[in-house]
Amino acid sequence: MNDDTRKLLKVFGVAVTDSEAEANKLAGIAAQLSAATSKEEVAKLLKDSADLCLELNTRWLEITQRVFAIQSQLQTQLAEAASRLQGAK
């Protein structure tokens, strides 16, 4: 496995673990909301939730792009091999 891939997976794994813990924390805060909750508190909860999702989506996208790059490279190499075999006939 490529070192860059290992690093991406490590960062992604940490992001998922951290996000899960933070999501549980935010859900706990949301459960405590009431009609008396200030707009500022609600806005903070929404912002923190949006930031959390953005961070996780960014890490997910990095992994997805890496997977597509690996697949694309393999497909290119296979196509080149197939062309060489066709040319050898």
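Trainee: Is Ala27 buried, partly exposed or exposed?
Mentor: Ala27 is partly exposed, because its relative accessible area is 45%, and buried means under 20%, exposed over 50% and partly exposed in between, with a 1.4 Å probe and protein chains only. Please keep in mind that this is a predicted model, in which local features need pLDDT of at least 70 and side-chain atom pairs count only at pLDDT 80 or more, while totals for chains, interfaces and linings use all residues. Residues are numbered from 1 along each chain as its sequence is written, and side-chain values use heavy atoms, with hydrogens and water left out.

Trainee: Which helix is Ala27 in?
Mentor: Ala27 sits in helix α1, residues 3-31, where a helix is a DSSP run of H or I with at least four residues, numbered from the N terminus.

Trainee: And how does α1 run relative to α2?
Mentor: The axes of α1 and helix α2 (residues 39-87) cross at roughly 160° and come within 9 Å; axes are lines fitted to C-alpha atoms over the stretch in contact, with angles from 0 to 180 degrees between N-to-C directions. That makes α1 roughly antiparallel to α2, a term for angles over 145 degrees.

Trainee: Changing topic, what does the C-alpha trace span overall?
Mentor: Along its principal axes, the C-alpha trace of the protein spans about 80 × 20 × 15 Å.

Trainee: How much of the protein is buried?
Mentor: Of its 89 residues, 11% count as buried.

Note on methods: Helices (H or I, at least four residues) and strands (E, at least two) are DSSP runs, numbered from the N terminus. Angles under 35 degrees count as roughly parallel, over 145 as roughly antiparallel, 65 to 115 as roughly perpendicular and the rest as oblique.
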